[in-house]
Amino acid sequence: MALGRHSDFNRLWFGQTVSNFGDKISLLALPTLAVVVLDGGALEVGVLGALRFLPFLLLAPIAGLVADRVSRRTVMIVADLGRFLALATIPLAFALDSVSMTHIFIVAGVTGCLTTFFEVSYQSWLPQLIGTENLIEGNTKLQISRSVAEAVGAGAGGALIQLLGAARAITADAFTFLISLIALLVIRHRDVRERTEERKASAKAEMKEGMRTLFGNPVLRGLFTANVVVNLGAAMGDALLIVYAYKVLDLSPGQVGAAFAVMSVFVIVGAVLSEVVSKSLSVGRLLVITAVVLGAGYILVPTGGAVGGFVGLIVVQAVIGFVSPMFDIHVLSLVQGVTPNEQMGRVSGTALSAVYGALSLGYFAGGALGEAVGLTGGLAVAGAVTIIGGLTLLSGPVAKIKEMPGGDDAAEEGSPAADDTKVTA
């Protein structure tokens, strides 16, 4: 592994691993505090959930502009410090018996906004930190950390909430951002920007430039379209999966939890094996195949449930979990690999805004479909949308890309990718 001795990346990786576990604590602790301590209900929990995604939808393009104008590492440090301070106010207010629902909403909104700026800057900074030739390995390791946190973080967070209470448990999450901040401070690498004359372009002009890059480059345009459509379909499917498990298969909460735990384990396995699989299939083919298999998984949920019940659902969940991180890792790595460094923030910000918008729309559309055509029909539509997203890659140069930019054989000879994405033939 090329990054095994990359001290700066390992510091970033450590900080993000700790922070990911902290996120899972607050993901459970904030709603728990709202419901158990402040007597909130479904509306309050829904608002907290919306405050996680809405900042990405509204602010990611602005965060991208900031990431291209100032030091990305500095933005990340400020975001970590802000999240630490915001979350630390909750246990302090609880100790003073002054915590309120409004206070929780403000903290959730502030941390959501700061997370948007952090994520856009982090995705924009990584290619420069480790080099485009190491992007798949770097994104794979970071995805593994997120997947492990997803698999065990909620359980650990629940135990911590049970032991300390929700407000005090949030203290642990606050300190994970402090650890991430310290990890960033000791990274020796600094942003390297091309020296240019004093900027004369307005923010509006610079954002238009980023849009032209995103939609003018055939590879970036193809990845953007596929990623948005695949995430739309996957969100529709996810919205229906848990309802299908309870309403149709009549599973218990323990069985549903076990099925999703199995999926989380296979997410980790998929992330670990993603680089090996891409070398066997080529990056372009991997993206198409994983999207198609992901969509087929949603379509097969009713078949798996009908044939195998609980076991059938577990098998389908394992397949979905296995292919999802492979698609995500390689889309992100390709975007980072072909986007000019000076525009990375704007391209990432616009893409993240659209993806989170697709997720929000997908969850809503999935629920509406389930009501209109039934759970089986809704899952079939969700799967079809996901498959269509993957198949859109066949109409452009992405499917022909063999390796990441920086490889010796990154695209089929003579393909458009060789000219348009700085990928060598």
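Guide: V37 lies in helix α1, a helix here being a DSSP run of H or I of at least four residues, where strands are E runs of at least two, both numbered from the N terminus. The model is predicted: local features require pLDDT of at least 70 and side-chain atom pairs 80 or more, whereas totals for chains, interfaces and linings use all residues. Numbering starts from 1 along each chain as its sequence is written, and side-chain values use heavy atoms, without hydrogens or water.

With 43% relative accessibility, V37 is partly exposed (buried is under 20%, exposed over 50%, partly exposed in between; 1.4 Å probe, protein chains only). Together with V35, V36, V45 and F94, V37 makes a nonpolar surface patch of about 380 Å²; such patches take residues with over 30% relative accessible area and no salt bridge, joining nonpolar side chains within 5 Å and like charges within 9 Å. Helix α1, residues 7-37, gives the patch its largest share, 3 residues.

Helix α1 also contains D8 and R11, 3 residues apart, about one turn of the helix. Their side chains form a salt bridge, with N to O at 2.9 Å; the rule asks for a side-chain nitrogen of Lys or Arg within 4 Å of a carboxyl oxygen of Asp or Glu. By this rule there are 5 salt bridges.

An α-helix has 3.6 residues a turn, so residues three or four places apart point the same way.

A further salt bridge joins R346 to D68, with closest N and O atoms 2.7 Å apart. R346 belongs to helix α12 (residues 344-373) and D68 to helix α2 (residues 42-69), so this pair ties together parts 278 residues apart in sequence. R346 is buried at 3% relative accessibility, and D68 is buried at 1%. Both residues belong to a salt-bridge network that also includes R72.

As for the setting, the protein has 14 helices and 0 strands, and 52% of its 425 residues count as buried.

Methods:
Areas by Shrake-Rupley, 256 points an atom, 1.4 Å probe, with all protein chains shown as cover.
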